[in-house]
Amino acid sequence: MAHLSHSDLIGEDSQGVEPVPFKTTTGSLRVLLLHGNLDILVKKAKNLPNMDLVNNSIGDMIGSISGKVQTSDPYVAIAISGAVLGRTFVIKDNENPVWEQKFRIPVAHYGTEVQFVVKDNDIVGSEIMGAVGIPIEHIIFGKPIIDATYPILGADGKPCNRGASLTLSLKYTPMEREQLYHGGVGSDRDKEGVPYTYFRLNIGGTVTLYQDAHIHDGSLPNVMLGNGTTYRHAHCWRDVYDAIAQARWLVYITGWSVYHLIQLVRDDPDVKDSNLGELLKVKSQEGVRVLLLVWDDPTSTSILGYKTEGVMNTGDDETRRYFKHSCVKVLLCPRKAGKGSWAKKQETGTIYTHHQKSIIVDAACGNRRKILAFVGGLDLCRGRYDTPQHPIFSTLQTTHKDDYHNPNFLGPTEGCPREPWHDLHCRFDGKAACDVLRNFEERWLKASRCRRHKFSFDDSLLKIKKIPEIMGLEEAAKVTEGDPEAWNIQVFRSIDSNSVKGFPKDPKLAFNLNLVCGKNVFIDMSIHTAYVKAIRAAQHFIYIENQYFLGSSYNWAYHKHLGANNLIPMEIALKIAKKIRAKERFAVYIVIPMWPEGVPTSTPTQRILYWQYNTMQMMYETIYNALVDVGLETEQEPQDYLNFFCLGNREPDFSRHESPRIKNTNPNAPQALTQKNRRFMIYVHSKGMIVDDEYVILGSANINQRSLEGTRDTEIATGAYQPLYTWATQQHNPKGQIYGYRMSLWAEHTGTLEQCFESPESLECVRRVRWMGQLNWQQFESDDISPMLGHLLKYPLHVGPTGKVSPLPGCETFPDMGGKIMGTFTGLQENLTI
């Protein structure tokens, strides 16, 4: 009997889940860990059954019209314990398909076998024809599999069709044998960077690292670097303003949201007006090519004069109308699924977004111009301007008078605290900036093609190679040649062929470009690849700031088939476990929001919190088991290695001013309580990771399936390091720009700098920072209102000595706002919240 696949009805091009409802191997199998890389070749299948669901008469009619025999449209899904690792492309109407398709797959999975599920792609979904199971025990302890042929078994344990077989090759390389992961970033002598990615590592360039949209001079302590200089705190939005103002040829912007009314500069009396929209209009009138590629929120509309703001309040239609009669070109770009089922197209267009945030300009470089790129978590939109002080009330009538943002309340918000915003961003030049430009061009060409007649032509993009004033790739690479402070920079993406023009149509060519193949789409998953490589190469510590942190659901105790299959949480847990068994120190610090933006009692927010709790629980259990294995469970605890934090602030009101509207509301409503208690979370919107003070990843991607899968939200990120400032080069803690950046972030969050911060992996530092977080949480939660020196709070969950995660005693819900901190899950599973 055919088995209809739920995973393919929901999202056939996503990695997803692939539970096989029958046995593919006889006998008992051992559950073992595969941790390393799989190189797989799915070669061909023979004698597959005809699984066409259409009756013969209709099939004959269609066949006579098309001149083709209607039969199965096969493809193969590769899975461990139900988690899909990869898929071949679909070959239409073929019972003897030849794929010859290669896969490079990082694995961090417990399971009994690797399954190759042969399926028929059909109008109403997909059906399982049969499957091949290869025991993981054989993969780990046996020899590589080369062109081996296996019978394809059906539900009855017999071949699904007479002579049905699958030919494949498989090689497993465990972590211990992968030299790529030994010695940290500095051991990359071949300057390969993160291998198997679409964009390669670029040698040379400069990088500027930003925290928050602005920093007031002198507001953070000085950090001394290894070269004897002081770390410079850069001003993100001021630098954006200057870069746009000084551009001569081009200003290209991508954004989840771009809002024309924001003021970029708010503390310089010499800058009278830094309105983004007016600035862009002025530049376009000067002859600069100004292009905006903005996500088209499907819930915002403007029909016959009737306007709806949209659920996400991005202002996309408002921005388009503002620039309508100017030389600024705005392309509102919907997220489209391309080929696939109706359900898949609806899901993609409704719940997924274009999430990249980038600005590309030309900038002065001697007598020439170079390409300069800004990439990170900051959109040029409402509510993003903030400083390390993160005020919640004191700037409501000044800096944030026309820029109030707090979507966490139901109902009126007059007198309520603003939502403070913490973010990470960066700026860089060199060949890597040209890769960001290429990303923009690929996306613009795809999006503009969808908007115009297929025979029309879009000439909006400048032909950079024909502008002699702008440096070419090779010239750009030589700008920092010989500079010991120079950087190596690499660009990564989460994106698929439905959103870019230029990906090949031949799966074999796609593999050579390091693209992952889905059933009907080619995928750049290099952000996920970069995170996995950096975690595996880490030697001392990992510091993460991210808006979300959930994944590796295949290893959760419950909801294993959720489909949040990104490896990052599991890789971190396994890294810590490995270090414990080697009796080496290692520490991971993860800063996330107190809750995901939105009403914390709402169903989507509660579900995300619940997935986050399951992720934490899985990680802490893995760490505790490692402590038990080496007999350290009575001396140490999981939080000596892994800690989660959030950020919050309180501002006493010495004037005792109270908004009349809030005064008349329910005294127990969140609006009244937050004003009474003068506190609110600082929203962590960052998307960054620092490893060993030598490598940094910054971008738009969250740590969840939406951002990392490549077929959901589109993302862009960069990974960078200074070759002079690595452990391999220095033979001790490198104190380059990345070290200065982390120390500056820690100074912002803790309100101080301490000697132990220089050795984050040390037990002293871990326990000291955890103590600070606990102390700050007590101050944040207290009925007594006092100004906070630091904003770093212990994430409000209790982690026991055995790794059990539970509510804090007396604090099961968020102060003032309500909503269970551990989250809740009821109803049907969906893809929105993962």
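Modeller: Cys333 in this predicted model is buried, because its relative accessibility of 8% lies under 20%. Cys416 is likewise classed as buried, with a relative accessible area of 1%. As for bonds between cysteines, a disulfide is a covalent bond between the sulfur atoms of two cysteines. A search of the whole structure finds zero disulfides.

The helices come next. Two packed helices are described by the angle between their axes and the distance between the axes. Helix H11, residues 526-537, and H12 cross at roughly 5°, and their axes come within 9 Å. Because an angle under 35 degrees counts as roughly parallel, H11 is roughly parallel to H12. On the side of H11, the contact is made by Tyr531, Val532, Ile535, Arg536 and Ala537, and on the side of H12 by Ile568, Glu571, Ile572 and Lys575. By class, the residues of this contact of H11 with H12 are six nonpolar and three charged, with no polar residue.

H12, which spans residues 568-581, also packs against helix H13, residues 603-629. Here the angle is about 15° and the axes are 9 Å apart, so H12 is roughly parallel to H13. The crossing of H12 with H13 is right-handed. H12 contributes Pro569, Met570, Ile572, Ala573, Leu574, Ile576, Ala577, Ile580 and Arg581 to the contact. From H13, the partners are Thr615, Met618, Met619, Thr622, Ile623, Asn625, Ala626, Leu627 and Asp629. The contact of H12 with H13 holds 13 nonpolar, three polar and two charged residues. Ile572 of H12 takes part in the contact with H11 and in the contact with H13.

Two further residues complete the picture. Asn668 sits in the loop between helix H14 (660-663) and helix H15 (670-677). Because its relative accessibility of 59% is over 50%, Asn668 counts as exposed. Asn668 and Ala582 are 86 residues apart along the chain, and their C-alpha atoms are separated by 52 Å.

Ile145 belongs to strand E8, residues 145-151. Ile145 is buried, with a relative accessible area of 15%. Leaving aside residues up to four places away in sequence, Ile145 touches Ile134, Tyr150, Leu168, Ser169 and Leu170. Ile145 and Ile40 are 105 residues apart in sequence, and their C-alpha atoms are 9.2 Å apart in space.

Terms used. Residues numbered from 1 in each chain as written. Predicted model: local features only at pLDDT ≥ 70, side-chain atom pairs only at ≥ 80, totals over all residues. Heavy atoms only, no water. Axes fitted to C-alpha atoms, helices over the stretch in contact; angles between N-to-C directions. Helix = DSSP H or I, 4+ residues; strand = E, 2+ residues; numbered from the N terminus. Parallel < 35°, antiparallel > 145°, perpendicular 65-115°, else oblique. Left-handed = near helix turned anticlockwise from the far one by under 90°. Contact = heavy atoms within 4.5 Å. Nonpolar A, V, L, I, M, F, W, Y, C, P; charged D, E, K, R; others polar. Buried < 20%, exposed > 50% of the residue type's maximum accessible area, 1.4 Å probe, protein only. Disulfide = S-S within 2.5 Å.
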